[in-house]
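Student: I am new to this one. Can we go through it by question and answer?

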Amino acid sequence: MSSAAPERCDAVVIGAGPAGLAAGIRLAQQGLSTVVLERHYLWGGLNSFYKKGGRRYDVGLHALTNHADRGARKLPLPRVLRQLRIPLEALQLGEQLGSRTVFPEASLRFSNDLDLLRSEVRAGFPAAADAFDALCDELAALPHAVEAGPQSVRAHLLERLGDRLLVDLVLHPLLWYGSPTPSDVSWPLFVVLWKSIYEEGFARPRGGVRPVLELLNGRLREEGGELRLRTGVSEILHDGGRVRGVRTDGGAELEAQLVLSSAGWPETLRMLGPEFTDHARSAPIGELTFVEACMHLDRPAPELGFQDTITFWNHADEALYRSTGAEPYDARSGVLCCPENYAGQEPETEGVVRTTILSSAAPWRDLEPEAYAATKAAAVDAAWEEVRRFAPDARPHAVALDAFTPRTITRFTGRLDGAVYGCPQKVAPDAAGLTGLQILGTDNGYLGIVGALVGGAQVATLSGASITPRALEPAPEA
Ligand SMILES: Cc1cc2nc3c(=O)[nH]c(=O)nc-3n(C[C@H](O)[C@H](O)[C@H](O)COP(=O)(O)OP(=O)(O)OC[C@H]3O[C@@H](n4cnc5c(N)ncnc54)[C@H](O)[C@@H]3O)c2cc1C
């Protein structure tokens with residue numbers, strides 16, 4: 001443990017994913033001395049990037065949700081970028097060409113124009129078309145943030161649309177892109193998912209996630225905030241119901257009036273020490289996690305016949321979206337992404353396709369290296385055996401492949417059990433009940449990269465306004 005006098009700042013942010021970076025920028029904009037601490041050697045969190053064998057890989061980016069044009073000032077993406085002082089044009093967004101949900105009995109196409117989905121429903125499910133139109137109109141009139149609604153979205157949709165297959169098809173992409181609970185989703189999250197995916201839609205920043213993360217890091221620096229990589233937080237320090245700072249993995253103390261944690265709700269509780277042990281044990285850990293593979297191809301994917309931007313498939317008898325329990329993976333349900341199938345993408349010499357399938361953390365946990373590698377390879381093959389039922393088989397054209405599992409997710413982000421969408425019970429920022437401690441990001445119930453940016457900025461704006469800045473300086477000797 002370090003014996004040096006603790007360093008002081010106004011605000012510490014734990015984690016440099018999108019929520020932590022947005023929060024850091026907003027705090028620094030308020031004149032607060034702000035330090036963002038990230039355990040990993042790269043920033044970006046669940047949506048980071050790396051290089052392997054000379055090739056660039058994005059960790060998670062399939063698509064940015066909440067696409068919006070510059071004129072749509074009130075929508076979440078332009079609004080949060082304005083707050084962060086990043087011009088929308090800087091992201092160089094290309095809209096999706098079109099996506100699809102594929103079940104054995106039927107499929108539905110959708111794009112960033114909800115009318116395509118409406119017309120697909122009218123053609124494939126004429127008896128339910130009027131009810132579906134009424135649902136679209138009703139959802140269009142709602143704000144993104146709604147407090148409460150029907151207990152089960154699945155049951156509610158079934159009652160309104162009267163067709164189980166249609167409900168499954170409509171829900172499948174929404175569950176896959178944001179539900180921390182199996183098979184169903186809470187009404188508030190459903191509304192966010194519907195708006196983010198079906199009403200606003202998918203886009204891709206030119207160059208993938210890296211330029212976006214560089215913009216965020218650059219803005220943090222320009223506002224006077226600091227990002228410290230390879231600096232994990234082992235403990236959140238508090239006295240008498242008030243936060244007083246953090247202790248890092250290296251044992252150094254950093255004093256702060258405000259600590260904002262984007263590490264996750266159960267993960268944050270574990271940093272609060274013995275008083276919170278029971279609370280930490282009872283906080284549920286999300287079970288939804290995936291095996292994802294990124295395959296580089298010897299030619300652009302569209303040349304091989306990949307036409308959709310994103311395809312959500314389900315080949316099981318029932319729509320499948322859940323943890324795989326004792327099995328390491330289940331490829332009957334998954335997502336195929338083609339990053340080239342967005343408008344305005346640069347021509348590539350190598351194509352890229354990504355497959356994502358259902359998984360579970362436990363079976364991977366103790367696998368020896370050889371068995372781990374073999375299971376991972378089997379998971380990738382299983383995914384492609386399913387993909388070839390509705391798209392070309394890219395494997396003969398593979399020039400490089402990298403895959404990650406729930407174990408990788410936990411290792412690089414600290415998310416317990418690799419829970420991509422976090423805790424199943426979403427919490428308010430002040431849920432820990434300690435003055436000065438705020439929870440950010442996924443576990444506030446926000447969706448994906450844009451949601452994390454919005455949530456991080458919002459919580460930081462409110463909590464930053466509640467404290468008075470003081471200079472970043474060593475504490476006086478006691
Ligand atoms: C495979 C995959 C695909 C995805 N695809 C998309 C997509 O296409 N579009 C989309 O919008 N979203 C996607 N997501 C989801 C998106 O990545 C997350 O919603 C988003 O990153 C959440 O942001 P966050 O800041 O809340 O948390 P995180 O991104 O998890 O960031 C938290 C950060 O905190 C750090 N941290 C944790 N504990 C500590 C500690 N004790 N000390 C210091 N640092 C710590 C972690 O290392 C991490 O960097 C995907 C995720 C995955 C895994």
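Predicted model: local features only at pLDDT ≥ 70, side-chain atom pairs only at ≥ 80, totals over all residues.

Tutor: Start with helix H5, residues 153–161.

Student: On which side or sides of H5 do its buried residues lie?

Tutor: The buried residues of H5 are Val153, Arg154, His156, Leu157 and Leu161. Around the axis they cover an arc of only 160°. That arc puts them on the same side of H5.

Student: What covers the buried residues of H5?

Tutor: Look for helices around H5. The cover includes helix H4 (129–140), helix H6 (164–176) and helix H7 (187–200).

Student: Which residue follows H5, with a positive phi?

Tutor: Step past the end of H5. The phi there is positive, near 70°, and the residue is glycine 162.

Student: How are H4 and H7 oriented to each other?

Tutor: Two packed helices are described by the angle between their axes and the distance between the axes. The axes of H4 and H7 come within 11 Å and cross at roughly 100°. An angle from 65 to 115 degrees counts as roughly perpendicular. That makes the orientation of H4 to H7 roughly perpendicular.

Student: How many charged residues are in the contact of H4 with H7?

Tutor: H4 brings Phe132, Leu135, Cys136, Leu139 and Ala140, and they meet Trp187, Phe190, Val191, Trp194, Lys195 and Glu199 of H7. By class, nine of the contact residues are nonpolar and none is polar. The charged residues number two.

Student: How are H6 and H7 oriented to each other?

Tutor: Their axes are 10 Å apart and the packing angle is about 90°. H6 and H7 are therefore roughly perpendicular.

Student: Now lysine 376. Which residue has its backbone oxygen 3.1 Å from a polar atom of the lysine 376 side chain?

Tutor: Lysine 376 sits in helix H13, residues 369–387. Not counting residues up to four places away in sequence, lysine 376 touches Trp364, Ala403 and Thr405. The backbone oxygen at 3.1 Å belongs to alanine 403.

Student: How far apart are the C-alpha atoms of lysine 376 and alanine 293?

Tutor: Along the chain, lysine 376 and alanine 293 are 83 residues apart.

Student: Is glycine 436 buried or exposed?

Tutor: Glycine 436 is in the loop between helix H14 (406–413) and strand E20 (437–439). Beyond its neighbours within four places in sequence, glycine 436 is in contact with Val243, Gln257, Leu258 and Val259. The relative accessible area of glycine 436 is 15%. Under 20% counts as buried, so glycine 436 is buried.

Student: Is asparagine 66 buried or exposed?

Tutor: Find asparagine 66 in the loop between strand E5 (55–58) and helix H2 (76–84). Its phi is near 60°, a positive value in a residue other than glycine. At 3% relative accessibility, asparagine 66 counts as buried.

Student: And arginine 85, buried or exposed?

Tutor: Arginine 85 is in the loop between H2 and strand E6 (93–95). Arginine 85 also has a positive phi, about 60°, although it is not a glycine. With a relative accessible area of 52%, arginine 85 is exposed.

Terms used
Residues numbered from 1 in each chain as written. Heavy atoms only, no water. Buried < 20%, exposed > 50% of the residue type's maximum accessible area, 1.4 Å probe, protein only. Helix = DSSP H or I, 4+ residues; strand = E, 2+ residues; numbered from the N terminus. Arc of directions from axis to C-beta. Contact = heavy atoms within 4.5 Å. Axes fitted to C-alpha atoms, helices over the stretch in contact; angles between N-to-C directions. Parallel < 35°, antiparallel > 145°, perpendicular 65-115°, else oblique. Nonpolar A, V, L, I, M, F, W, Y, C, P; charged D, E, K, R; others polar. Polar contact = N/O pair within 3.5 Å; in protein donor to acceptor, adjacent residues only side chain to side chain.
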